[in-house]
Amino acid sequence: MPRTNTVQTYGSVAKTFHWLTALLILTAIPLGLIATDLAHRIAAGETALIVEATLLFSLHKTIGIAAFLTALGRILWALRQPRPGLLNGARPAEATLAGIVHWLLYGAMLMTPLSGWVHHAATTGFAPIWWPLGQTLPFVPQSTVVADAATTVHFLSSRVLIVAILLHVGGALKHHLIDRDDTLRRMLPRANVRQSPSAAQPGHALPLLAAGVIWLGIITAGAAPALINVNRPAPVAATTAAPGDWQVQEGTLALAIRQMGSPVTGQFTDWSAQISFADDPAQEVNGRVRVEITIASLSLGTVTGQAMGGDFFDQATHPRAVFEGDILRRDQGFVADGTLTIKDNAVPVALPFDLVVTDDQAQMTGSLTLDRRDFGIGGSVTEESTLAFGVDITVNLTAQRMPAAN
């Protein structure tokens, strides 16, 4: 069997690309559907499914990238080869439909895994890709806007892929069982092809244009909401302060944890702080701080819904976390020493931080590691390899001294 195509049949390289791509795609699709279903059940509290869902998602993503690279290689090879003509070219409507399906299929074989890859690179969450390189992509920032757009494109293109595959398979079976021609046989290994392409062949412009319109609609559907929201200002901490105290102007309250060996990072976008501080080297206690955190404002990538569940933060029952303590002076910087309450679990916490005060403005940076088990978070996940016990907390803020009351 020749390696290259002829005007009558496909060569061994094209056939290998075809069946390998089909195998990878038909493996990735059910893995993605099953994993998504498990993820929804996890969000509802069935945390025992975390390991299974993570494994399936990692398989889905890894095989999806393999399918993307294989499909890309197939298309690049096809561009260098003659394409065998249609055996039913004399039936223009059927031939045109076949052309549209092929262009949709080629686009979906690239767009579906690529959009999923972009989503993975733009967000954070469980289920790492197993390829040595692939957790990030050049020119793809960590951005919820990009991730949301990629999610929409991935969902829509995956549905186009499924429909195109069904139409492609249905057409091949029609040719083989009803028309009894060699269309299917031309793609089988070592097949004896007897028929030649019909003299009449359809043009490529109309199928390409029709498929292009569909793909333009899909990309627009993904990009439009992102473009609408991209200029909206990011939420900042809503902070209250008594006269003469310090008002937070901006800041971040971030966390990081490892799930299945991969880092998961996020932050709370709604929290308020009451800060009283007087820089007095002669005193150990230099102030007081109270911070209230809205749990529902946590953004944690693909596992945000899971984190809100009853076995984790249980946001519905415990909507807020509170830290309250003294600001203590130490030889190296300061420490916020007090109690952090999450899910009615009050735990002593000491947050060391650096403080730079310039005139009436202060910049604070601090970090510490908490044990999630102390707060009853993820109690059913007892294996640290599945979900790490330690949670790294990072706080950065800029505060302004408020004028004293007259």
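Trainee: Into which classes do the residues of the lining of the second largest pocket divide?
Mentor: They divide into 20 nonpolar, 15 polar and 2 charged. Keep in mind that this is a predicted model.

Trainee: How is such empty space found at all?
Mentor: A probe the size of a water molecule is rolled over the atoms, and this shows where empty space is left. Here, the second largest pocket has a volume of about 1000 Å³. It is lined by 37 residues, and those closest to its centre are Gly32, Thr36, Phe57, His60 and His154.

Trainee: Which helix gives the largest share of that lining?
Mentor: H1 does, with 10 residues. H1, H2, H3, H4 and helix H6 (304-307) each supply at least two.

Trainee: What is the volume of the largest pocket?
Mentor: About 1300 Å³. Its lining has 48 residues, with His18, Arg74, His102, Leu105 and His168 nearest its centre. H4 gives the most, 12 residues. By class, the lining holds 31 nonpolar, 12 polar and 5 charged residues.

Trainee: How many cavities of 30 Å³ or more are there?
Mentor: A search of the whole structure finds 1. A pocket is open, but from a cavity the probe cannot get out. Of its 47 lining residues, Leu253, Ile293, Leu368, Ile393 and Val395 lie nearest the centre. The lining has 42 nonpolar, 3 polar and 2 charged residues.

Trainee: Where are Phe139 and Lys343?
Mentor: Phe139 is in the loop between helix H3 (92-122) and helix H4 (144-179). Lys343 is in the loop between strand E7 (334-342) and strand E8 (345-358).

Trainee: Is Phe139 buried or exposed? And Lys343, buried or exposed?
Mentor: Use the cut-offs: buried is under 20% relative accessible area, and exposed is over 50%. Phe139 has 86%, so it is exposed. Lys343 has 14%, so it counts as buried.

How values were computed. Residues are numbered from 1 along each chain as its sequence is written. This is a predicted model: local features need pLDDT of at least 70, side-chain atom pairs count only at pLDDT 80 or more; totals for chains, interfaces and linings use all residues. Side-chain values use heavy atoms; hydrogens and water are left out. Helices (H or I, at least four residues) and strands (E, at least two) are DSSP runs, numbered from the N terminus. Buried means under 20% relative accessible area, exposed over 50%, partly exposed in between (1.4 Å probe, protein chains only). On a 1 Å grid over the protein atoms alone, a cavity is a set of points where a 1.4 Å probe fits but cannot get out, and a pocket is an open set with protein on both sides within 12 Å along at least five of seven lines; lining residues have an atom within 4 Å of a point. Grid points are joined across faces, edges and corners, and a volume is the space filled by probe spheres set on the points. Ala, Val, Leu, Ile, Met, Phe, Trp, Tyr, Cys and Pro count as nonpolar, Asp, Glu, Lys and Arg as charged, and the others, Gly among them, as polar.
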